[in-house]
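Here is a short note to read beside the model. Please keep the 3D view open as you go through the points.

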Amino acid sequence: MGKQLLKIKNLEYILPHNNQKVLDNISLDVDRGDFIVVVGHNGSGKSSLLNAINKNISFSKGDILFDSKPIKSFANKEYFKKVATITQNLKESLFESFSVFENFLMRLEKITRKADNDLFYDFIMPYNESIFYKKNVMVSKLSGGEKQTLALALALINPPELLLLDEHTSALDPKISDKIMDMTISVMKERNITCVMVTHNLEYAVKYGNKIYALQDGKICYYSDKNNETSKQELLKYCF
Amino acid sequence: MQSVIDVFLQGFILVPLVLGIYLSYEVMKVTDLTVEGSFVLGAAVYARLIIESVNPVLALFIAISSGSLAGIAVGFIQRHDKIDSLIAGILMIFMLYSINLQIMGSPNLTTYNHTTVLTYLSYVFLDNAGFVFSALYAFLCIAAVYLLLNVQLGLRIRAYGDNKNLLYRLGHNPEKYRLIGLAFSNALAAGSGALTCQIYGFTDINMGFGIALTAIAAWLIGIQTMKKVFRYKNFSVRIDCVACLMGALLYYLIVTLFLRIGVNPIYLKLLVGLILVILLKVMSNKNRKPWENNC
């Protein structure tokens, strides 16, 4: 197992309907254990970058290598076991009309009701006790914080190698948002999961990211790593 | 008393079809009107096979399977949502008309003098065989749908209706579940057609006219009544299955009541439609306006 988990080489993505270049010659490397933060203003190409990694869009030029293999060579089932995504729109991460437990069952390969009750306890309890007791409640009835915690817990049931976070705390109040971020970091470290996070929150970028990229008009306009201290003021120049 | 038995008989015959509509319309969130064609397909295949002296149980199985083939075909037409489900369904009904006519060889077929599954049952239940058979058949279909939606396959069919993208990102092919769901839905419709053919002893090329909307009406009556009675909002397979049964029975109860009070049959569908509109209006959240936030 190599040190490098993900390599993006000269990635280019053009919107098919208006020929607008959304990603322009993007190259970046993600090592195992990295916490990469991508910042930028609206429309800078942050989410498109995650969508490209997540096989949601087919890019026109360049390549994305996962474990030194092009992502296109992976079968979807195999790839999505290795890469999980949590987005700001929780409707994309959870089955809203399902109960909490049914959402949990959807993540399992095979259902064996009795054993799965114990598994549910083991997986959900460490994150949030109240969700455990809302086992049969429909997800749409949960609060924003509970949904986000559940989405995180469910994404980690089959621990992925790479976790993509697309502004996953942006819809939450600052207190809950901090709690979810702390939980994300501690789980990530505990299970040695690599993370790529897209955010507008520069505080999180500076606090948690060991590599920070800023995008502008689809191009990387700023990069900083651990050896190169980043300040919030510095990032502000590129983001807004 | 005979009217009550007739209501139950007609209701039981409609139950598999309502379950089929429930699977596509409510569980998968696909507006599939193909059931209108597969209902006749089931009846046509069954009548043709019975006339050709095929074993009645095998004929019933083939008739139900023909419905699932129609479901798979319409699933392929809808594939990747390139053709709207409503249009795909209408196209399929259109094509099935010719296929059904080809199978039947004439616009109608009678199975009176031939051995059907009902004939076997009539040795035991005599005059009540039709009622017993339709009731058994309805409850078998309810049990099948209940079981289906409680296993992993059913959960994934539900997931298709809830969030196709997430289903895909969990490594499952949504198109596979579209095909399976529509196959089940249309198999139930074909089963309802085959049952109709056995109970009434004939198949007509136009017997499916408006049957999909009848089933949708029955489903809406059933589910709205159950929601009012049990005050539930969550998804519950158990309550939904009971709603399918209740809906089918209530629909024919309403129709029978209208006929009993002397309503001209011409106005029957108009009145049932109006009742449905009133029912939906009364049961919906009276205070909510679409331009206001839910909170």
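1. Start with the make-up of chain B. This is a predicted model. Chain B holds 12 helices and 2 strands. Read from the N terminus, its elements follow the order α-α-α-α-β-α-α-α-α-α-β-α-α-α.

2. Next, overall form. Chain B has a radius of gyration of 19 Å, close to the 19 Å that the globule rule gives for 295 residues, so it is as compact as a globular protein of that length. Its C-alpha trace spans about 65 × 50 × 35 Å along the principal axes.

3. Then the interior. Of the 295 residues in chain B, 47% are buried. Take the contacts in chain B between residues at least 6 apart in sequence: 79% of these join residues at least 24 apart.

4. Now one helix pair. In chain B, the axes of α2 (residues 35-51) and α3 (residues 56-78) come within 8 Å and cross at roughly 150 degrees. Angles over 145 degrees count as roughly antiparallel, and α2(B) and α3(B) are therefore roughly antiparallel to each other. The crossing is right-handed.

5. Which residues of α2(B) meet α3(B)? Among them are B:Gly37, B:Leu41, B:Val45 and B:Leu49. The α3(B) side includes B:Ala59, B:Ala63, B:Gly67 and B:Ala70. By class, this contact has 12 nonpolar, 6 polar and no charged residues.

6. Last, the two chains. In chain A, 19 residues are in contact with 12 residues of chain B. The largest share, 4 residues, comes from α2(A). By class, the chain A side has 7 nonpolar, 4 polar and 8 charged residues.

Notes
Residues numbered from 1 in each chain as written. Chains lettered and ligands numbered in written order. Predicted model: local features only at pLDDT ≥ 70, side-chain atom pairs only at ≥ 80, totals over all residues. Axes fitted to C-alpha atoms, helices over the stretch in contact; angles between N-to-C directions. Parallel < 35°, antiparallel > 145°, perpendicular 65-115°, else oblique. Left-handed = near helix turned anticlockwise from the far one by under 90°. Contact = placed C-beta atoms within 7 Å. Nonpolar A, V, L, I, M, F, W, Y, C, P; charged D, E, K, R; others polar. Rg over C-alpha atoms; globule rule 2.2 N^0.38 Å. Buried ≥ 20, exposed ≤ 12 C-beta atoms within 10 Å, placed from the backbone.
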